[in-house]
Amino acid sequence: MLHVRRHQVAIASRERHRARRCWGVCASPFNHIVVSDLHLGGGGHATELTQFLAWYAAHPADERPWRLVVAGDGIDFLHAGLADEEHTEERAIATLEAIVQDNRTTFAALAAFVADGNELVFVGGNHDAELHWDGVQARLRGLLSALFVERLSGRTADLAMVRGFEARVRFCRWFFLEPGALYVEHGHQYDELCSFENILYPVGPDERIETPLSHVTLRKFNELVHRMDLAKAEYWGLGDYVRWAVSLPRRPLMRCLFTYVTSPRWLFGLEQRMVRPKGEIGRIVRDRVRAIEATFGLEEATLARLDANRKAPAGRRWTSGLAMLFYDQLLLFGLCLTLLTGCLVTPLSSLWRGALGVGLLVATFFLSRYFAKKRDVEANDKLIAGAEAVAKVVDVPYVVFGHTHIPLVRDASKSTKYVNTGSWTYEEGRTHFVVTAEQAALVRWAGTGRPVVFQSVDQSSPSLAGSTSSINASACAGLSPSAMTSSLPDPSSGPTL
């Protein structure tokens, strides 16, 4: 009994410590919603997002407005521009305008959300790395501002109103930090297939957006991706891809084979394109590092430690691309077949030929298993390791990523939870992370006109199953009857990161 009591006291002490770390002494004017992977322009659920924004705008928690942090891949420049070459700044602005026009209702809802006194923060992801350009940021602010003015329905918007609106639309090229409370990053930098050489300036020597290995592969096979379930394909092996390819009609199959056979050439071209003298971008990166230091109060050494956790882009080595496309296994099977054929024609006894054949098959099996394990394209474990690394550098109770499209809550350290916000690209998704003065919870917009708790982040269990009780308007402030007190410290507005 005494042991149980001590355990309860330890848990209560840890929760009080987390509350002090999270809310501090200074009150913040905002509660937080973190959402990621909306993929506007690439198939996100725009209708549900409009309802989601309207509901939260109408239900402020504890009379404080919301700060909506879009943790990367909010706008899908990649899929919207698959048919073209990689974006330049000018081309990215044109793509942005087309996406806003095609999703006008959703962007009008974002503008209305900000107009109600809430704040909107875009964190860069791998599908919207184009937001790093100042011109693209300015154009998005301008488009949202125009929708805000249009919403006034004839009332005059003075300059102060417009500037106040635009000041509540912010951009973070790398991460968003609420000191002592919340660290938000997209997470692609921990996945070498999607990471950039320099997240603060993800541009190649031709002044086009840098292309990670997964992006260039997607571009090359873009005529076929609509025939493939990309979420499931991440877990496919060589046999799964072969079965999928032979199921294609004849013409797409021929294009697929041609693209595949020529892949060593364009993979080598990607490796060459990533070579860029550091001196060209040094000044820009230094300025952006100083802006991060000023905004979040971090030292340069801390930023260097965070950056050291990222994975180097796989595109640096064209052999990584060949492994991703199963060339290593195909070469292994080809070698095995050649050696087996050699065994059949050798002047050895049948017993020796049989033994050599069995040995080759066994060796090929285990080498194939080794290559398959080494291929490692699944991102979930990589981001868990990334969150654990961030928790060692930044003292916050919550480290929040997106990227994997898999909603998840688990411990990153003894005092830090890792939260993945999932995605809005499929019907069972639409999860988001909500932090108020009462509690933090992973929440799902269930299409019932209000959110439901998917999992309380303060639960000790890291399982995906959680409470599914509805959140009504009166309970919105806490999402449940419990627990944490006071308010979030608000970092002063600083330069765009």
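A residue counts as buried when its relative accessible area is under 20%. By that cut-off, 52% of the 497 residues in the protein chain are buried. The model is predicted.

## Overall make-up

The protein chain holds 18 helices and twelve strands. Its exposed surface comes to about 22,700 Å², with carbon and sulfur atoms supplying 59% of that area. Take the contacts in the protein chain with a separation of 6 or more: 72% of them fall to residues 24 or more positions apart.

## The five-stranded sheet

Five strands form an open sheet in the order E5-E6-E7-E9-E8, and the pairing is mixed. Strands E5 (175-178) and E8 (408-411) stand at the edges; each has a single partner strand, so one side of each is left without a neighbour in the sheet. From one strand to the next, the twist averages 15°.

Inside this order, strand E7 (residues 398-401) runs parallel to strand E9 (residues 417-420), and four bridges join the two. Tyrosine 398 has lysine 417 in E9 as its bridge partner.

Lysine 417 also takes part in a salt bridge. Its side chain meets that of aspartate 411 at 2.9 Å, N to O. The two ends of this pair differ in cover. Lysine 417 is buried because its relative accessibility is 4%, under the 20% cut-off. Aspartate 411 has a relative accessible area of 40% and is partly exposed.

How many residues of strand E10 (residues 431-435) are buried? Five of its five are, so the strand is mostly covered, given the under-20% cut-off. Thr431, Phe433 and Val435 point one way from E10. His432 and Val434 point the other way. In a regular strand, side chains alternate between the two faces of the sheet.

E10 pairs with strand E1 (residues 31-35) through three bridges, and the two run antiparallel. Isoleucine 33 has valine 434 in E10 as its bridge partner. E10 also pairs with strand E11 (residues 440-445), again antiparallel, through five bridges. Here histidine 432 stands opposite valine 443 in E11. A hairpin of four residues joins E10 to E11.

## Salt bridges

Side chains of opposite charge can pair when their charged atoms come close. The count of salt bridges comes to 13.

| Arginine 104 | Glutamate 150 | 2.6 Å |

Arginine 104 is partly exposed, at 35% relative accessibility.

Where do arginine 283 and aspartate 287 lie? Both are in helix H13 (residues 282-296), four residues apart, or about one turn of the helix. Arginine 283 counts as exposed because its relative accessible area is 54%, and the cut-off for exposed is over 50%. Aspartate 287, at 33% relative accessibility, counts as partly exposed.

Salt bridges also form a network. Arg67, Glu119, Arg170 and Glu178 are linked in this way.

Definitions and conventions: Residues are numbered from 1 along each chain as its sequence is written. This is a predicted model: local features need pLDDT of at least 70, side-chain atom pairs count only at pLDDT 80 or more; totals for chains, interfaces and linings use all residues. Side-chain values use heavy atoms; hydrogens and water are left out. Two strands pair if DSSP finds at least two bridges between them. Axes are lines fitted to C-alpha atoms, for helices over the stretch in contact, and angles run from 0 to 180 degrees between N-to-C directions. Buried means under 20% relative accessible area, exposed over 50%, partly exposed in between (1.4 Å probe, protein chains only). Contact means heavy atoms within 4.5 Å. Accessible areas come from the Shrake-Rupley method with a 1.4 Å probe; for residues, only the protein chains shown count as cover. A salt bridge is a side-chain nitrogen of Lys or Arg within 4 Å of a carboxyl oxygen of Asp or Glu.
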